[in-house]
Protein chains: 2
Amino acid sequence: MATTTETPMTEMPRHECWALVREAVVGRLATVLDGQPDIFPVNHVVDHGSVVIRTAKGAKLMGAAGHPVAFEVDGYDVEHRSAWSVVVKGRAVELTRLDDVLDAMELPLFPWHSSSKPHFLRIEASEVTGRRFVVAGGADEVETP
Amino acid sequence: MATTTETPMTEMPRHECWALVREAVVGRLATVLDGQPDIFPVNHVVDHGSVVIRTAKGAKLMGAAGHPVAFEVDGYDVEHRSAWSVVVKGRAVELTRLDDVLDAMELPLFPWHSSSKPHFLRIEASEVTGRRFVVAGGADEVETP
């Protein structure tokens, strides 16, 4: 773990990042469509070093399939006043082969809501980064510019 | 409120979206830098129909300042098994005039961690959308493709 001297921020090792992605119930998928950023809450599972989500047709699928995406999970530990965030970056690939879709259907991936979501996207992680922060306590800790 | 017949998803009116953004402790900022999406957890405040965040130098500032961004907050209501998400889209503008910076410093905007974050970004909202979902309960509700 690397801790900077300037701030109580800690970079997490890769295995800890993946453990937190696995445990997280909700993540957010950031996409680019026609140069515009967008962001979607998603359910996900981790499968062999990739993140799998399911989706309906629409902007999320169009912006993600075949394109670079960023996926984020975060959390806040009230007791220890620390927050953490993990970001997984990589290309999202839509699963189209029947074998791949059947494999994905075996994953414990429940959609956030129950509309029809027949498409599966797999994010092949090319970069995984995670940080923990000690949360600033209040006005006394807010610096002036 | 508009409810589709296909899914227990409800679009929220604009005032309800803003109320949820105001209450949220943490949001996520999605940016595009060199065509690549990125996503950052941020603290924020709502000020006159815009979202204000503070940041250090770096990828977040570069990807956001002067560019379109998407900002998201979400939550989960365990008791009612409903989840919600609000997305604010617009151009992020870095505050550079002394008056604007001093005004922003008056906002109750505490940084998530206590490193130096002398830059303020204001997201002028051009689009605000929010949705509530009834969360799928388990395997019985997962459709086959």
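Me: Is strand β7 of chain B mostly covered or mostly open?
Reply: Mostly covered. In this predicted model, β7 spans residues 68-77 of chain B, and eight of its ten residues are buried.

Me: OK, and which way does β7(B) run against strand β3 of chain B?
Reply: They're antiparallel, with three bridges joining β7(B) to β3, residues 27-33 of chain B.

Me: Who does B:Leu29 pair up with there?
Reply: B:Leu29 has B:Phe71 of β7(B) as its bridge partner.

Me: How many bridges are there between β7(B) and strand β8 of chain B?
Reply: Ten, again in the antiparallel sense, and β8 covers residues 82-94 of chain B. As an example, B:Val69 has its bridge partner in β8(B) at B:Gly90.

Me: What do β7(B) and β8(B) form together?
Reply: A hairpin, with four residues between the two strands. B:Arg81 sits in that turn and has a positive phi of about 50°.

Me: Is B:Asp34 buried or exposed?
Reply: Exposed, because its relative accessible area is 73% and the cut-off for exposed is over 50%.

Me: Now chain A. Where is A:His48?
Reply: In the loop between β5 (45-47) and β6 (50-55) of chain A. A:His48 isn't a glycine, yet it has a positive phi of about 50°.

Me: And why is A:His48 called exposed?
Reply: Because its relative accessible area is 78%, and exposed means over 50%.

How values were computed:
Residues numbered from 1 in each chain as written. Chains lettered and ligands numbered in written order. Predicted model: local features only at pLDDT ≥ 70, side-chain atom pairs only at ≥ 80, totals over all residues. Heavy atoms only, no water. Buried < 20%, exposed > 50% of the residue type's maximum accessible area, 1.4 Å probe, protein only. Pairing = 2+ DSSP bridges.
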